[in-house]
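Reader: I would like to go through this model and ask what stands behind the terms used for it.

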Amino acid sequence: MHKKQTRDIFLFILGGVVLYFISGMVDELRVYQGASIAVYVIAISSIILLTGYSGQVSLGHGALMAVGAYAAAVARIELNLPIILCFVVAVLAAAIGGALLGAAAARLSGPYLAGTTLALAIGLPSLANQFSVLGGEQGLLFDVGFPPLSLGEEFTQYKWFFWIAGLGALISIWIVKNILGSRYGRTWRAIRGNEVAAQLSGINIARSKILAFTISAGIAGLAGALLSMTIGTVSPSAFPLALSFSLLTGAVISGITTLPGAMIGAVVLVAIPEVADVVAHRIGSSEAVTTNLPGFLVSALLILTVLFVPNGPVEQHRARKAKHLALKK
Amino acid sequence: MDFLNTLLIGITSGSIYSLMAISMVLVWRSTRVVNFAQAGMALLSTYFGFEAVTKLGSFWIALPVAMIGGALFAALVEMILIRLLVKHSSSGPIAGVAPIIATLGLLGLIRASASMIWGGQDVRIIGPVSNDGFTINGTTLVFSPLKLLILITVIILMLILSIVFQKTNIGLALRASAYAPEIARLSGIKVDWVRTLGWALAGAAGAVAGMFQTVNGNGTLSPDSIEFSLLLVSGFIAAVIGGLDSLIGAVIGGLVLGLMISFVLMYISSGLFFIAPFVILLTVLFIRPQGIFGAKAARRA
């Protein structure tokens with residue numbers, strides 16, 4: 001066990017170094033997209049923890065991301081906290097929100113929970129218009145400042161975003177991976193598998209579910225703060241219902257129980273608008289088609305994945321290999 | 001006078017939510033799927049209705065056209081998507097969430113397609129009667145002939161539906177398949193077709209809700225409009241408040257929701273438009289997690 005952990009730490013550091021070199025080689029747009037991928041990886045891993053492991057569905061993670069983003073921006077503007085603390089505030093605020101939501105969620109199951117979180121995703125961002133401290137429809141500025149001078153003159157703003165987001169992604173994946181491998185991860189899987197049996201073995205169902213929601217929300221809050229960092233502002237329109245849906249799509253494409261798959265889902269989510277753009281130009285279509293093609297592709301991909309690779313490509317591959325081996329014997 | 005206005009507006013919009021909730025309940029009872037695409041299907045049927053209005057010129061011809069279109073589309077969705085889903089994704093960790101995710105995908109697909117086809121033009125449906133309020137003793141109410149008409153039509157449709165459910169063989173088959181599919185199959189009911197029928201009825205009910213929601217609003221139709229986001233959330237919330245399993249629950253859930261939203265907007269703040277349904281839903285679920293009319297066991301099904 002100890003040896004495996006050393007290997008994992010080594011792998012994560014290696015991942016960081018590779019990302020560092022890649023960020024030096026590609027142009028600004030790609031660096032920006034890299035930052036988006038990192039944000040999506042964080043958000044998708046929060047969904048994998050919640051839905052894949054504890055078996056609770058949330059269509060409201062966009063709203064929890066908004067909570068994190070607003071908390072970070074307010075901490076930055078009103079309290080003038082250093083940037084690292086702003087992200088901590090984001091995680092804590094979203095986790096508190098998640099704990100409240102989780103307390104409600106523990107009483108609900110399946111479709112009831114999905115609908116409640118759906119209502120939250122639609123309702124919460126509009127609440128920002130009610131409080132002047134949150135800046136209404138225009139939102140708030142969220143400025144993490146320029147990259148430190150010690151990184152050199154050449155070091156661009158987007159590269160700085162990418163570094164922060166990439167580091168955030170590595171840390172979050174590291175934490176989520178360890179939680180899922182711990183007692184809590186096993187507890188959640190037991191609950192997902194059979195709630196009654198889990199209860200009989202002495203697991204406190206409600207407490208475990210609320211814990212899952214709290215942790216997942218905290219991670220989503222970090223993703224929200226990082227997302228608004230790359231955009232530069234926090235406003236209700238940055239967290240539409242479509243964001244919550246995309247995250248769920250990303251998680252399903254990744255394979256709802258495969259944490260390393262989060263990378264696949266994140267890349268697909270960032271790549272789809274690009275692909276749609278190319279396709280739209282190739283067929284020379286009207287504006288209505290061009291703007292809606294990404295949404296169309298995401299939805300189509302979601303349906304096809306659920307129908308034909310329901311447990312994700314990685315899991316599917318593993319199952320096929322296992323079957324193959326069994327046949328050989 | 002304010003009070004009367006608020007009450008009448010609440011009942012009218014509530015009756016539309018009731019219809020939407022009924023369509024959710026019909027689908028839930030027939031296939032145990034909460035159809036998040038229901039509002040999307042209603043949207044599509046309303047576009048069918050719009051095409052019919054522009055080509056044929058009459059709202060009263062367009063309404064049945066939208067209903068038939070909606071019913072056919074819903075039946076197709078059940079036959080293709082839902083049957084495949086049951087076949088492929090009924091095991092593994094995805095099983096619990098697969099129907100939710102698939103219907104959400106369908107919602108996205110419908111919205112994107114509708115925007116592609118009709119997005120470039122100004123889509124407008126004019127109601128069959130005026131939406132200017134009645135005047136009593138010199139004061140003008142918000143309640144209009146159109147709202148009265150909506151209310152009457154919805155009540156008639158609900159009566160027809162309850163007669164179908166309680167008095168006919170089809171209704172009996174629908175109830176039997178929902179209650180005990182195995183036993184229904186053994187007694188010679190073609191459960192698969194009954195399920196498709198349940199979806200078709202839901203599609204028709206959703207079509208009426210979509211048409212009325214459009215003319216009751218400002219008449220314009222767009223996949224991104226507030227009216228449809230509201231239909232999406234309200235239909236679901238009304239069904240859940242009522243208990244997902246009960247048609248009467250759906251009607252009452254819709255009316256409760258319509259009235260509550262209307263009173264909150266009037267007497268507290270109009271900025272609470274989207275957060276009010278959420279608070280109402282949470283309040284009801286905290287008191288009764290299975291909804292007002294839901295059976296205790298239905299929550300786990």
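Reader: What does the secondary structure of chain A come to?
Author: The model is a predicted one. In chain A there are 13 helices and 2 strands.

Reader: Why is helix 5 of chain A called oblique to helix 10 of chain A?
Author: Two packed helices are described by the angle between their axes and the distance between the axes. For helix 5 (residues 110–127) of chain A and helix 10 (residues 241–254) of chain A, the axes come within 8 Å and cross at roughly 140°. Roughly antiparallel needs an angle over 145 degrees, and roughly perpendicular runs from 65 to 115. The crossing at roughly 140° therefore makes helix 5 of chain A oblique to helix 10 of chain A.

Reader: Which residues meet in helix 5 and helix 10 of chain A?
Author: From helix 5 of chain A come A:Leu118, A:Ala121 and A:Ile122; they meet A:Leu241, A:Ser244 and A:Phe245 of helix 10 of chain A. By class, this contact has 5 nonpolar residues, 1 polar residue and no charged ones.

Reader: How do you know that the radius of gyration of chain A agrees with a compact globule?
Author: A compact globule of 329 residues would have a radius of gyration near 20 Å; chain A has 20 Å, so the value agrees. The C-alpha trace of chain A spans about 60 × 50 × 45 Å along its principal axes.

Reader: What percentage of the residues in chain A is buried?
Author: Buried residues make up 50% of the 329, where buried means under 20% relative accessible area. The accessible surface of chain A is about 15400 Å², and carbon and sulfur atoms hold 68% of that surface.

Terms used
Residues are numbered from 1 along each chain as its sequence is written. Chains are lettered from A and ligands numbered from 1 in the order in which they are written. This is a predicted model: local features need pLDDT of at least 70, side-chain atom pairs count only at pLDDT 80 or more; totals for chains, interfaces and linings use all residues. Side-chain values use heavy atoms; hydrogens and water are left out. Axes are lines fitted to C-alpha atoms, for helices over the stretch in contact, and angles run from 0 to 180 degrees between N-to-C directions. Helices (H or I, at least four residues) and strands (E, at least two) are DSSP runs, numbered from the N terminus. Angles under 35 degrees count as roughly parallel, over 145 as roughly antiparallel, 65 to 115 as roughly perpendicular and the rest as oblique. Contact means heavy atoms within 4.5 Å. Ala, Val, Leu, Ile, Met, Phe, Trp, Tyr, Cys and Pro count as nonpolar, Asp, Glu, Lys and Arg as charged, and the others, Gly among them, as polar. The radius of gyration is taken over C-alpha atoms; the globule rule is 2.2 Å times the number of residues to the power 0.38. Buried means under 20% relative accessible area, exposed over 50%, partly exposed in between (1.4 Å probe, protein chains only). Accessible areas come from the Shrake-Rupley method with a 1.4 Å probe; for residues, only the protein chains shown count as cover.
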